[in-house]
Structures are given as C-alpha cells and as structure tokens.
Amino acid sequence: MNFPERFSNLPAYAFPRLRALLDHHAPGGDVVHMTIGEPKHAFPAWVTDLISENTAGFNSYPPNEGTPELRQAFCDWVARRYDVTLDPETNVLPLNGSREGLYNVAMALCPESKNGQRPVVLMPNPFYQVYMLAAISVGAEPVFVSATEASGHLPDYTSLPAEVLARTVACYICSPANPQGAVADHAYWSDLIALAEQHDFQIFADECYSEIYRDAPPVGVLQVARDAGADPERVVAFHSLSKRSNLPGLRSGFVVAGPQSTARMRQLRMYTGAPLPLPLQAAAAAVWADEAHVDDNRAQYREKYDMADRILGNVPGYKGPEAGFFLWLPVEDGEAAALSLWQATGVRVLPGAYLSQNDASGVNPGKGYIRVALVAPKPDVERGLTAIRDHLYGTQ
Ligand SMILES: Cc1ncc(COP(=O)(O)O)c(C=O)c1O
C-alpha cells in the first residue's frame with residue numbers, strides 16, 4: 001500500500017506521547033490531572049434546556065452557513081467586545097470549534113506557490129499542533145518561529161529573513177497564547193499587520209482564549225486591523241465557546257474574515273463540512289449573547305491565578321500568565337520533570353517539548369518547560385501546584 005509521504009515524519013501527538021512517558025510508572029500519590037486544556041468549570045444550566053427545546057432540529061440537515069440567528073449572535077458579540085461592525089452575510093462562518101477552522105483555513109486560502117516558489121506558513125514555537133498539520137496538508141513549508149522569554153513569549157515574525165517572508169502566504173498567531181499566556185498588544189498586532197501588508201500574506205489569528213484574562217480584556221486583531229485601515233482580507237480571526245463558556249463538547253466556534261476569504265471557506269465547507277446540528281446552533285446563539293456566565297468563569301480563573309502566584313511566587317523564573325489557563329514553568333528538562341513529578345506525587349503535567357519543534361538551529365524552545373493546566377477543581381489545583389513547588393523547586 002502506498003501512503004502519503006507528507007505525514008510520515010509526524011511525531012506522535014502530545015497526549016499519546018505523554019501516556020507513553022508516564023503510564024508504565026505508578027503515580028506517587030492521588031492523581032491530579034493538569035495536562036489537557038479541557039475546561040471543567042460549569043457551563044450555564046439553561047444550555048441543556050435550550051438544546052431540549054430545539055430537538056426537532058435533529059430532523060433536519062443543518063445549514064452550512066449557520067442559522068441567521070447564530071450569525072447575528074457572532075456579529076453582535078464582536079460588536080460588543082471589539083466595537084467592530086461585521087456583515088452577518090459576508091464576514092462570519094460557524095465552525096465546529098475553532099480547531100476545525102484553523103485546519104481548513106489553510107485548505108481554503110493558502111495558494112500552491114508564491115513568487116514561483118514553495119509557500120511558507122509561519123507559526124509560533126511552541127504552538128497549537130493543528131497549525132503544523134494544516135501547513136503540511138497544503139504542501140506549504142511550516143516555519144517555526146520561537147516564542148521565548150526573550151521575545152515576550154510571542155513570535156517575532158518581523159525578524160525573519162527576506163527570503164522566508166517573500167514565500168510566506170500566511171502566519172498563525174495565538175493570542176492569548178497557548179501555552180505561555182502571553183497577550184499580543186496593540187503595537188504587536190499593528191507591526192504584524194504592517195508586515196503582512198508589506199509581504200502580502202494573511203494573518204490567521206487564533207483568539208480562542210480571548211475571554212480568559214486576568215486584568216484587562218486582550219485587544220483583538222479585528223480592532224487593530226480596523227484602526228490600521230487594513231485590507232479586509234488580511235486578517236482571519238477565530239473564536240470559540242470552548243474556553244469562554246466551558247463548552248468544549250458543544251463544538252461551537254466561528255471565523256471572521258473578509259468577504260472573499262469567507263466565501264472561499266464557505267464554499268469548501270459546502271463540500272466537506274459537517275455543520276453543527278440545529279439544536280446546538282440554537283443553544284450556541286444564546287450562549288454568545290450572554291456575558292454573565294463568562295464573568296463568573298473569569299472570576300474562577302482569577303482565583304486560580306492568585307493561587308498560583310501565592311504558591312509559586314518564589315519559584316525562580318515564575319511569571320503568572322496574563323491570560324488563558326496554563327502555567328508555562330521553567331525546569332531543566334520538561335520530560336524528566338514530568339516523569340519525576342508523576343512518580344513522586346501523582347501530578348500529571350505536559351513536557352513543553354511536546355508542543356514545540358526543533359528550530360532551525362536544532363534547539364527545541366519548549367524543552368526547558370512544563371505546561372500546567374488550571375482547569376481542575378480548585379482543591380485539586382491547589383494540591384497540584386503545591387506538589388509542583390515542593391517536588392520540582394523545593395521552594396517554600
Ligand atoms: C490554542 C488553541 N487553539 C484552538 C483550540 C481549539 O479549540 P476548539 O476547537 O474547542 O474551539 C485550542 C484547544 O485546546 C487551543 O488550545
């Protein structure tokens with residue numbers, strides 16, 4: 001059998017890799033899960049009622065482009081959150097969670113070549129793994145741009161060689177960033193938009209953590225693009241209910257883009273998409289319209305940020321996240337730290353290297369880190385963070 005070459009060098013996905021590292025060793029205590037970023041706070045109880053009230057919709061194939069109510073709910077949310085006016089007919093498209101869109105955007109929008117050469121898709125390193133698969137799937141070269149302490153934990157695309165930028169068709173950027181919790185400010189976005197205008201590439205902005213923040217709401221790429229008077233096709237932004245509303249299983253996200261980009265993504269989805277069932281679209285529209293539960297969710301994460309500051313504040317190199325729900329903690333070797341922590345305490349964390357690739361000089365920028373998710377109930381998070389401090393840092 002002939003299988004495609006393009007996926008033959010893929011590393012195993014982060015979680016099977018973690019199981020292979022830990023699961024043949026016994027945990028050294030009651031297990032605390034701090035690996036996967038699966039939101040666990042309660043979602044609003046009325047979501048269940050709304051789904052039940054709309055079950056007749058299971059009798060119909062759902063519309064690919066989303067119900068008018070759902071598209072309007074996306075636009076109303078963007079207007080409230082970013083003061084940006086969108087057209088529900090031409091600027092938005094529902095997604096089955098942002099991950100699906102982050103993959104398919106490359107299929108729909110990345111050209112086969114640029115300036116007669118193989119196209120490049122830029123991505124931060126470490127990164128959400130679907131970006132790499134999307135690039136590989138369309139035959140583009142994924143270029144991993146380290147997002148380290150020195151670069152403020154965001155990739156500095158402006159520092160790339162002209163040869164790379166000349167081939168760049170798109171960049172992925174995640175703000176607030178998974179795993180580091182860094183937030184792109186207005187200046188970062190404007191510089192990136194200017195770079196993209198100069199070299200004529202698109203920005204795929206993954207903003208699915210935008211509502212989980214400590215102090216001020218992160219500025220959104222759509223606001224900055226509006227202020228900059230950018231080409232409406234320049235920016236493609238992704239949002240999701242998974243983190244905002246603790247509904248990772250509902251699979252509701254959406255993408256905002258210029259009319260041409262939206263039309264291309266919509267057309268591709270006509271052929272290949274599996275639209276969100278109608279009862280879920282009805283529930284999602286109501287969830288996007290409600291902010292009370294989002295405030296409550298944020299308050300719960302704030303308590304966890306404070307808890308992390310209290311427990312880990314004296315750890316050298318510790319910096320609490322500005323946003324998102326991960327800690328990105330410096331250690332000597334992330335794999336060794338994760339294994340030793342598991343064996344000594346039963347706390348499961350993810351080695352940073354599982355979220356990153358070697359850079360051009362062969363260095364993996366995630367190697368000296370562990371990622372710790374703050375999604376578990378508060379007492380578990382407290383126990384986990386205390387074990388991390390005592391076992392990995394020995395700091396009281
Ligand atoms: C950075 C990032 N982007 C996108 C997603 C996808 O989220 P969803 O498909 O649930 O919207 C995740 C989920 O963990 C993520 O961490």
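Biologist: How far is a polar side-chain atom of Asp206 from a nitrogen atom of the ligand?

Modeller: Ground rules: this is a predicted model, where local features need pLDDT of at least 70, side-chain atom pairs count only at pLDDT 80 or more, and totals for chains, interfaces and linings use all residues. Numbering runs from 1 along each chain as its sequence is written, and side-chain values use heavy atoms, with hydrogens and water left out. For the Asp206 side chain and that ligand nitrogen, the distance is 2.5 Å.

Biologist: Which side chain has a polar atom 2.7 Å from an oxygen atom of the ligand?

Modeller: Asn178 has a side-chain N or O atom 2.8 Å from a ligand oxygen. The 2.7 Å one belongs to Arg251.

Biologist: Which helix gives the most to the shell around the ligand?

Modeller: The ligand is surrounded by 14 residues, a residue being near if one of its heavy atoms lies within 4 Å. Helices here are DSSP runs (H or I, at least four residues), numbered from the N terminus. Both α4 (98-109) and α9 (241-244) supply at least two shell residues. With three residues, the top contributor is α4.

Biologist: Which residue forms a salt bridge with Glu211?

Modeller: Salt bridges (a Lys or Arg side-chain nitrogen within 4 Å of an Asp or Glu carboxyl oxygen) number 19 in the whole structure. In this one, the closest N and O atoms are 2.8 Å apart. Glu211 sits in the loop between β6 (202-206) and α8 (221-228), and its partner, 130 residues away in helix α3 (residues 68-82), is Arg81.

Conventions
Polar contact = N/O pair within 3.5 Å; in protein donor to acceptor, adjacent residues only side chain to side chain.
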